[in-house]
Amino acid sequence: MKSFWRLVACLAVAYIVTPVQQGLANIQLVPSIAAVDESDDILKPGIGLKSYFNGFGVNIWGWGRDYGPVQQRSMLLTLGKYWSPYSFKSLTFGGGISVLSETTRLIYKDAQEENHEDTFYNGGGFLGLRYSYNLSKVVIDASWESGVFPAGIGGGLFLATGRKQIVSIGLGAML
Amino acid sequence: MRIVTLLYFWVTLILLSSSSPSYSTGMTLNVGPLSGGQGGSNPLSIPPLNFAEYQFIYTTSQNSEFVVGVIPGIFYGIRSSEKSPVYVSVGGGLVIDLNGVGVGIMSSVGANLFCAKVCFNMEYRQALAPSSGTLLSPYALRIGASTFW
């Protein structure tokens, strides 16, 4: 077993130190941890997987919390184009669309009430700000992303919105 | 999903067909509801007489911007220099939120559309500042008018 992990470590080091070539369309995969804010200044822990290729990014995030019989689970998918408007190329902006899924479950273990589950979906825009540093094939990444959603058709006309903000750091690889 | 896709293409079409503002010195006055840590924003006041919902931006020909608003705050930022109706900016300053005040960073995305002497402006601006174990993160989506000279 020890030799297996030694082999894995050797392969990982060999992969990292090999000079970057034009590989699979410059794909970056970055698993990340996140602090999620749902417009109430209360931070919740979340996880995500960010992927970037040829100036585009597809990121998926998940977070949730349990309190008493209530279980909340949320997922946010953002799709957008990333570009660097400044001479400082490590800083990129992302803009595009986002899709949100929010599930709330009422799970009664001891009480007589029936369990209940609701899932809502919403679509909106997204703005992302990303700093990344490439160390050979290793990608160190920090980002600040927001999905902004109109509060229904009537509310959206009067600029009423809801927002999910994700501040994250990640360590990934360039394929 | 079909509505989101249609909306996305509609916005893209407007941005592509719109005339670009000349990027020189200018100012923007816009108005929109605030979100300062109390949940999402409520609808815009009708009539829009709430001073706190207004924001003033002064831009220079060197792509700098000075932003004054109650929420998300007072900032100095650097705008993208592309000759496009759409702009992004990043900067820092005083972040103002209903749960506190702090020094932090700001980012925004906006567009100046249908420009004659005055452009229609639409902008989303957000800020982030550490404060007593949490992050203040106010934002606002506003519409208004810009003029450049």
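Biologist: What should I know before reading any values?

Modeller: This is a predicted model: local features need pLDDT of at least 70, side-chain atom pairs count only at pLDDT 80 or more, and totals for chains, interfaces and linings use all residues. Residues are numbered from 1 along each chain as its sequence is written, chains are lettered from A and ligands numbered from 1 in the order in which they are written, and side-chain values use heavy atoms, with hydrogens and water left out.

Biologist: OK, chain A. How many helices and strands are there in it?

Modeller: Two helices and eight strands, where helices (H or I, at least four residues) and strands (E, at least two) are DSSP runs numbered from the N terminus. Along the sequence the pattern reads α-β-β-β-β-β-β-β-α-β.

Biologist: And what share of chain A is buried?

Modeller: Of its 175 residues, 40% are buried. Buried means under 20% relative accessible area, exposed over 50%, and partly exposed in between, with a 1.4 Å probe and protein chains only. Chain A exposes about 9,600 Å², with carbon and sulfur atoms supplying 67% of it; that area is Shrake-Rupley with a 1.4 Å probe, and for residues only the protein chains shown count as cover.

Biologist: Switching to rings. How many aromatic pairs turn up over all chains?

Modeller: Eight, from a search of the whole structure. One of them is A:Tyr82 with A:Phe126, a tilted pair at 6.3 Å centre to centre and 50° between the planes. For the cut-offs, rings of Phe, Tyr and Trp (its six-membered ring) pair if their centres lie within 6.5 Å; planes under 30 degrees apart are stacked, over 60 edge-to-face, and the rest tilted.

Biologist: Why does that pair tie together separate parts of chain A?

Modeller: A:Tyr82 is in strand E4 (residues 70-83) and A:Phe126 in strand E6 (residues 116-135), so the pair links parts 44 residues apart in sequence. Both A:Tyr82 and A:Phe126 are buried. Ring pairs also bring in A:Tyr52, giving a cluster with A:Tyr82 and A:Phe126.

Biologist: Where do charges sit over rings?

Modeller: One case is A:Lys81, whose charged end sits over the ring of A:Phe56, 5.3 Å from its centre. In chain B, B:Arg79 lies over the face of B:Tyr87 at 3.8 Å from the ring centre. The test is NZ of Lys or CZ of Arg within 6 Å of the ring centre and within 35 degrees of the ring normal.

Biologist: How much area do chains A and B bury between them?

Modeller: About 2,800 Å², 68% of it on carbon and sulfur atoms. Buried area here is the accessible area (1.4 Å probe) that two parts lose on being put together, summed over both. On the chain A side, A:Asp41, A:Trp144 and A:Leu159 lose the most area to chain B, together 26% of what that side buries. The contact takes 27 residues from chain A and 45 residues from chain B.

Biologist: Last one: which cysteines form a disulfide?

Modeller: B:Cys115 and B:Cys119, with S to S 2.1 Å; a disulfide is a pair of cysteine sulfur atoms within 2.5 Å. The structure holds one disulfide over all chains. The link of B:Cys115 and B:Cys119 is right-handed, with 115° about the S-S bond, and both cysteines are buried.

Terms used. Contact means heavy atoms within 4.5 Å.
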